[in-house]
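Dear colleague,

I am passing on the structure we spoke about, and would be glad if you looked it over. My notes on its side-chain contacts follow below.

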Amino acid sequence: MSDQNDRFVLYEYLLFFWRKKWLFLLIPIIAMIIGAAATLLQERHYVGTSTTFIGPVKKPATLVKTDLITTKYQDLADPEVDFLVLIPADGRVTFRIEGEEEKLVKQELNEVTQAYLKDVNASYKPLKEENDTRVNDLKTKIDFWEAIKKESAEKYNSNTLEPQQSERQYKRIVESEEFITELTSELETAEEKSQEIIEEPKTISKDVSKEQGNMVMNALVGLILGLFITVLTLILWKYIIDAKGASNRD
């Protein structure tokens, strides 16, 4: 008889669960309500974010490396706020500041963002000036060799030169063309770089808002936890009933 009863233990538990099925609605619903209520009651902070476009600036490392940016600019923020640096995309740096007071978060976000943008511009301007100087220098050299080429070509085509002089002018034409080709290639590279760095660093977004509680997620966690508690409660309940019945028979 004992062996036969053991074979139907699972069935008895399932039957017991079915009789108490109302608990599978009651307990999870209560847990969901508690989870949602916890979202409404929990203290929510203000979160400020600002994103700065830094363009071609690649150095110093304190402007492009997350840990070094944090070390340098965290000291500017009030100890009462949480400070975080993110680099979500190449050429952009985002600051995230969280605190209890909206005014303080806005103030600290503005100070950090302005200080960072100032430092980025300090690195950007020499970079742009250097490349602009390079472009102008190459154009000047090309104009110089174009003039040499034109002058030599006029002399070469004048048919008034001695053979030796004519050969010398021809060599100058060839030499000028080689220099012009080389300098033109360098100019194209420099102008491409100019297009890459044409946009100056700037703050492209800045926002401060109250942190939103995740009510749906908390309610879902409450539902799952409620189902787990229900199953555990019913198993213990059934076990206690069976244990008392066995004790009475003995």
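A residue counts as partly exposed when its relative accessible area lies between the 20% under which it would be buried and the 50% over which it would be exposed. Arg-134, at 37% relative accessibility, is therefore partly exposed. Please keep in mind throughout that this is a predicted model.

Because Arg-134 belongs to helix α5 (residues 102–156) and Glu-186 to helix α6 (residues 163–196), the pair ties together parts that are 52 residues apart in sequence. Glu-186 is likewise partly exposed, its relative accessible area being 27%. This contact is one of 11 salt bridges in the structure.

Another of the salt bridges joins the side chains of Glu-151 and Lys-155, at 3.3 Å from N to O. These two residues are four apart in helix α5, so about one helical turn separates them; Glu-151 has a relative accessible area of 36% and is partly exposed, and Lys-155, at 35%, is partly exposed too. Lys-202 and Glu-199 also form a salt bridge, in which the closest N and O atoms are 3.2 Å apart. Here Lys-202 is partly exposed at 39%, and Glu-199 is partly exposed at 37%.

Turning to the rings, a search of the whole structure gives nine aromatic pairs. In one of them, the ring centres of Phe-95 and Tyr-116 are 5.2 Å apart and the planes stand at 75 degrees, which means that the pair is edge-to-face. Phe-95 lies in strand β3 (residues 92–99) and Tyr-116 in helix α5, so this contact ties together parts that are 21 residues apart in sequence. Phe-95 is buried, with a relative accessible area of 0%, and Tyr-116 is buried at 0% as well.

Trp-145 and Phe-179, by contrast, form a stacked pair, with 4.4 Å from centre to centre and 15 degrees between the planes. Since Trp-145 is in helix α5 and Phe-179 in helix α6, the pair ties together parts that are 34 residues apart in sequence. Trp-145 counts as buried at 19% relative accessibility, whereas Phe-179, at 31%, counts as partly exposed.

Two further points concern rings: Tyr-73, Phe-83, Phe-95 and Tyr-116 are linked into a cluster by ring pairs, and the charged end of Lys-21 sits over the ring of Trp-18, 4.3 Å from its centre.

Note on methods:
Residues numbered from 1 in each chain as written. Predicted model: local features only at pLDDT ≥ 70, side-chain atom pairs only at ≥ 80, totals over all residues. Heavy atoms only, no water. Salt bridge = Lys/Arg side-chain N within 4 Å of Asp/Glu carboxyl O. Buried < 20%, exposed > 50% of the residue type's maximum accessible area, 1.4 Å probe, protein only. Phe/Tyr/Trp six-rings, centres within 6.5 Å; stacked < 30°, edge-to-face > 60°. Lys NZ or Arg CZ within 6 Å of the ring centre and 35° of its normal.
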